[in-house]
Amino acid sequence: MTLHITEFEGGRALSDFRIRQLLPRLREVHERIDGLQARFLHLAAWDRAPTGGDRDRLAALLTYGEPFEGGAEGELFVVTPRLGTVSPWASKATDIAHNCGLAGHRVVRAVEYRVALKGKLL
């Protein structure tokens with residue numbers, strides 16, 4: 001069986017308060033780290049190619065929290081659940097999608113981090 005994967009951009013994954021907490025710890029790892037931003041990224045796996053209506057309804061379900069207003073600057077790091085695991089978030093999101101009449105196989109959430117640097121990392 002071939003799964004059809006659809007990507008949905010999400011909202012902010014970190015508040016300004018959390019970023020201010022994390023930056024000093026990141027600078028301990030590397031002094032050139034100058035900024036951090038993060039947003040949620042949702043991936044939906046479908047057993048068949050989704051219709052435009054299916055994509056629109058799932059996009060509406062995945063619109064929550066504060067909108068992400070950052071840019072695409074900085075080094076990109078994407079953090080996802082381990083392969084083969086189903087997180088509690090994914091389990092609940094998939095159940096909600098099914099209860100809304102969407103025939104998706106699974107909905108998972110990842111976090112896309114952008115790390116701004118002073119110069120290059122290496």
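**Reading helix α3 and its surroundings**

Glycine 101 follows α3 and has a positive phi, near 85°. The model is predicted.

Me: How many helices and strands does the chain have, and in what order do the elements run?

Reply: The chain has three helices and four strands. From the N terminus, the order is β-α-β-α-β-α-β.

Me: What span should helix α3 have, at 1.5 Å a residue?

Reply: The expected span is 1.5 Å times one less than the number of residues. Helix α3 covers residues 88-99, 12 residues, so it should span 16 Å. Its end C-alpha atoms lie 17 Å apart, which agrees.

Me: Which residues of α3 are buried?

Reply: Buried means under 20% relative accessible area. In α3, Ala90, Ala93, Thr94 and Ala97 are buried. Down the helix axis they fall within an arc of 100°, so they line one face. The face turned away from that side carries exposed Pro88, Lys92 and Asn99.

Me: What do the buried residues of α3 pack against?

Reply: They pack against α2 (52-61) and β4 (104-117).

Me: Is methionine 1 buried or exposed?

Reply: Exposed means over 50% relative accessible area. Methionine 1 is at 80%, so it counts as exposed. It sits in the segment before β1 (4-12). With Leu3 and Ile5, Met1 makes a nonpolar surface patch of about 360 Å².

Me: What share of the chain's residues is buried?

Reply: Of the 122 residues, 31% are buried. The chain exposes about 8,000 Å², and carbon and sulfur atoms supply 54% of that area.

Notes. Residues are numbered from 1 along each chain as its sequence is written. This is a predicted model: local features need pLDDT of at least 70, side-chain atom pairs count only at pLDDT 80 or more; totals for chains, interfaces and linings use all residues. Side-chain values use heavy atoms; hydrogens and water are left out. Patches are made of residues with over 30% relative accessible area and no salt bridge: like charges are joined within 9 Å, nonpolar side chains (Val, Leu, Ile, Met, Phe, Trp, Tyr) within 5 Å. Accessible areas come from the Shrake-Rupley method with a 1.4 Å probe; for residues, only the protein chains shown count as cover. A salt bridge is a side-chain nitrogen of Lys or Arg within 4 Å of a carboxyl oxygen of Asp or Glu. Helices (H or I, at least four residues) and strands (E, at least two) are DSSP runs, numbered from the N terminus. Buried means under 20% relative accessible area, exposed over 50%, partly exposed in between (1.4 Å probe, protein chains only). The arc is that of the directions from the helix axis to the C-beta atoms. Contact means heavy atoms within 4.5 Å.
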